[in-house]
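Work through the exercises below with the sequence and the model open. Each task is followed by a solution in steps.

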Amino acid sequence: MMAVKDAYAYVDGSIVQWIAQVESPNSVSPMLPALASILFVIGGVIPFYGIFVSFLCLLGTVAATYGIARVSGDKGIAVVSAVLVASAPVLVIYSRSFHFALPATATTTLALFCLVRSRQAEKWLWTLAFGMFVGLMPLARTMTLAFVPCMSVAALFYALAAPDRRWSRFLRLVAAGVVACLTAASWLAFNGIYVANYLLSFGYGARATEYGPKLAFIDSIMLEIYLLLQDVYLPHFLILVAGLVASAILLVRAVRDKRGWGTLMASPLLPLSVFATLSFLALATSQNKGTAFSAPIVPAMLIVATWSILRVSGAGFLRLSSIGALCVVSLLAFAPMVDLGTSIARPTWWNAGSLGRIAVTSGASTQQIYERANGINRSAGEGPLSPEIAQEWKALNAQILDLASPYVEKSRALAFGFRNAAFNVNTLGLVNSLRDQPPLILAQIEPTVLGDDVDNQAAWLTSGTAGPACVLLTSPGVEGDFRPYVNSETIEAAARKRGFAVVHTLPMPNGRELRFWARSC
């Protein structure tokens, strides 16, 4: 939706209006929509083109992975690391989706690449480039703000582990910090307050309860490990476990050998290990586990794992066998994701008892996973949603916009009294933007904030983003809705209390009834 708005700002206006639109008040990181809008300007406003941004970010991540591993070790380690990253399910899956995960992963991995190329902050150009990419991280995805302190600590460890010229190295890192702040401020200076409100609410505040109860820190860490397993699937997870064991062996050797300890402290693997560890712990501090939050640290983890496994393997047959095993794992993970129509694309599972089913391989991407999880796709197997059903959902959005047109001429506001996965503020806003229509103020009910209370929901309909709405949409039932569910009887009682009346009823593609309410404004 933002990418479409950005594109039309340039097409209907100028580069100045494009910049103004990108910088317009928002809590959503601007990089992905801004880059997608450039593709839209070149090739036409076709949403599918936006996915190419994620794919290009995957290519950049793989290239940066090879560069980091090449500085850290030999060509074999670099090639295997790149292959493992290129086949990691969480990265392949989100490279096929218009999602912030891959831009965040690319900027983070490029920042680490520049850091290791700086040779412990010895080289000015690479150190300043490191600062630029650190500044770009929150512009790619705001949740990476949690990773920035981790990146800073990793850089300090790496630079100050050098035996000489520590003061000059530190000053270069300070300069990099200034570059990072200036880069981030290019957008956060205008939108930082919105980002802070969002992160403090959905990350650590009242709205974080939507994503689960607050856990003890150790329990949250265990949940993060489980979510990482769900993201990378079992084969890649076992590589990470093997890499952790190999790293522990190398660490013990280094402690016993003073020269080995010095070599380890000066190694480019040090900042990667520090960054990945601290970032993983940072994720455990929030109730909101999000989608693919671990993606930006996966390349660093896989590089360290590959390097450690191959170093422990030594030379000769054992090393070749280890390389072969790692490549087989990559092939095992990647092959099912090549073609959704093949038999090997069907998911295979490992029954882990109380942990439930753990994916071993699967060809499903985010779209299929989302459709299946929310009851949008009811067809047998793991195939794509039929074009006919997809068109029905698209037509529903267009029909609602047509019906709402006479009611929103003045206020340009519409409220959703339910939270459906296939029909919501995002889908309606996207279709409205694709029509190049004036933006709508779209409000969606928040059950964790308002509760199942008629008075609270009635107050929502008279204040905030729902206050100016002349149109309200409700739907009895919960099929396909996000948890926690909204009680349709409560919101409809609140609607009547605020002067709304049902003027249209429409069928939804999943069989539910959609009620179109309006009031005089």
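**Exercise 1: Overall dimensions**

Task: Compare the radius of gyration of the chain with that of a compact globule.

Solution. The structure is a predicted model. For 521 residues, a compact globule would have a radius of gyration near 24 Å. The chain has 25 Å, which agrees with that value. Along its principal axes, the C-alpha trace spans about 80 × 50 × 45 Å. Of the contacts with a separation of 6 or more, 73% are between residues 24 or more positions apart.

**Exercise 2: Secondary structure and annotation**

Task: State how many helices and strands the chain has, then describe the span 29-187.

Solution. The chain has 21 helices and seven strands. UniProt, in an unreviewed entry, lists residues 29-187 as "domain: Glycosyltransferase RgtA/B/C/D-like". This span is 77% helix and 0% strand, and its end C-alpha atoms lie 9 Å apart.

**Exercise 3: The setting of R519**

Task: Decide whether R519 is buried or exposed, and identify which residues R519 touches.

Solution. Next, apply the cut-off: buried means under 20% relative accessible area. R519 has 14%, so it is buried. In the chain as a whole, 49% of the 521 residues count as buried.

Then list the contacts. Leaving out residues up to four places away in sequence, R519 touches L461, A466, G467, A469, C470, R498, G499 and F500. With G467, a polar atom of the R519 side chain lies 2.9 Å from the backbone oxygen. Finally, the C-alpha atoms of R519 and S247 are separated by 65 Å.

Terms used: Residues are numbered from 1 along each chain as its sequence is written. This is a predicted model: local features need pLDDT of at least 70, side-chain atom pairs count only at pLDDT 80 or more; totals for chains, interfaces and linings use all residues. Side-chain values use heavy atoms; hydrogens and water are left out. UniProt positions are given in the numbering used here, feature names are shortened, and annotations may be inferred rather than shown by experiment. Helices (H or I, at least four residues) and strands (E, at least two) are DSSP runs, numbered from the N terminus. Buried means under 20% relative accessible area, exposed over 50%, partly exposed in between (1.4 Å probe, protein chains only). Contact means heavy atoms within 4.5 Å. A polar contact is a pair of N or O atoms within 3.5 Å; within protein, one must be able to donate a hydrogen and the other to accept it, and residues adjacent in sequence count only if both atoms are side-chain atoms. The radius of gyration is taken over C-alpha atoms; the globule rule is 2.2 Å times the number of residues to the power 0.38.
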